[in-house]
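Hello, and thanks for taking a look at this one with me.

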Amino acid sequence: TLEAETLALLDGLNHAELLRGIVAELMFGSESEEHLISIIAFTDSNQLAQSLYSTKHVSNHKLQRDIENIKERLVRGIVSEVRWVSTDQMLADPLTKKGADCSKLDYVLETGKIFNI
């Protein structure tokens, strides 16, 4: 559902922001340099991706607040971009869905290279 996808994205962004601060501290000696590390998020929910780049409002007020939260992060540059990817390109599926194909995730973990998404 749109609600579940939005909450998952928010959770991922919260973790990414925390990790960015830690990595900036390790790499540059200061969290103040975290702007040098971009956060690009991926979703396979086309509805969510469209909601983030649209001026239309959703009817659920809590969901609207969550979407506005993500939009604000984009506007302020905290998050560089949220990209839509097709479900067959979603690397996280093997981590969350039983029976999902692991081959693409295995490739990325083994080579350190990401294919075009």
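The numbered points below start with the whole chain and then move to single residues.

1. Please keep in mind that this is a predicted model. The average pLDDT over the chain is 88, and 97% of the residues score at least 70. Where in the chain is the mean pLDDT lowest and where is it highest? Among the elements, helix α4 (residues 93-96) has the lowest mean, 80, while α3 has the highest, 94.

2. Starting at the N terminus, their order is α-β-α-α-β-α-α. The C-alpha trace spans about 40 × 40 × 20 Å along its principal axes. Of the 117 residues in the chain, 31% are buried. If we take contacts between residues at least 6 apart in sequence, 59% of them join residues at least 24 apart.

3. Next, please find the pair formed by helix α1 (residues 2-28) and α3. A pair of packed helices is described by the angle and the distance between the axes. Here the axes come within 10 Å and cross at roughly 35°, and the crossing is left-handed. On the α1 side, the residues making the contact include Leu-2, Thr-6, Leu-9, Leu-13 and Glu-17; on the α3 side, Leu-63, Ile-67, Ile-70 and Arg-73 are among them. Sorted by class, this contact has 8 nonpolar, 3 polar and 5 charged residues.

4. Gly-12 is also part of helix α1. Is Gly-12 buried or partly exposed? Its relative accessible area is 38%, so Gly-12 is partly exposed. Gly-12 and Ala-41 are 29 residues apart in sequence, and their C-alpha atoms are 8.1 Å apart in space.

5. Gln-64 belongs to helix α3, which covers residues 61-75. Why does Gln-64 count as buried? Its relative accessibility is 10%, and the cut-off for buried is under 20%. The side chain of Gln-64 makes a polar contact of 2.7 Å with the side chain of Glu-68. Once neighbours within four places in sequence are set aside, Gln-64 is in contact with His-57 and Val-58.

6. Ser-45 sits in the loop between β1 (40-43) and α2 (46-52). Ser-45 counts as buried because its relative accessibility is 11%, with the limit for buried at under 20%. Which residues does Ser-45 touch, not counting those up to four places away in sequence? They are Leu-2, Glu-5 and Trp-84.

7. Please finish with Glu-81, which is found in strand β2 (residues 81-84). Glu-81 is partly exposed, because its relative accessible area is 28%. A polar contact of 3.1 Å joins the side chain of Glu-81 to the side chain of Arg-83. Not counting residues up to four places away in sequence, Glu-81 touches Ile-39, Ile-40, Ala-41, Tyr-53 and Leu-74.

Terms used. Residues are numbered from 1 along each chain as its sequence is written. Side-chain values use heavy atoms; hydrogens and water are left out. Helices (H or I, at least four residues) and strands (E, at least two) are DSSP runs, numbered from the N terminus. Buried means under 20% relative accessible area, exposed over 50%, partly exposed in between (1.4 Å probe, protein chains only). A polar contact is a pair of N or O atoms within 3.5 Å; within protein, one must be able to donate a hydrogen and the other to accept it, and residues adjacent in sequence count only if both atoms are side-chain atoms. Contact means heavy atoms within 4.5 Å. Axes are lines fitted to C-alpha atoms, for helices over the stretch in contact, and angles run from 0 to 180 degrees between N-to-C directions. A crossing is left-handed if the near helix is turned anticlockwise from the far one by less than a right angle, and right-handed if clockwise. Ala, Val, Leu, Ile, Met, Phe, Trp, Tyr, Cys and Pro count as nonpolar, Asp, Glu, Lys and Arg as charged, and the others, Gly among them, as polar. pLDDT is the predictor's confidence in each residue, from 0 to 100.
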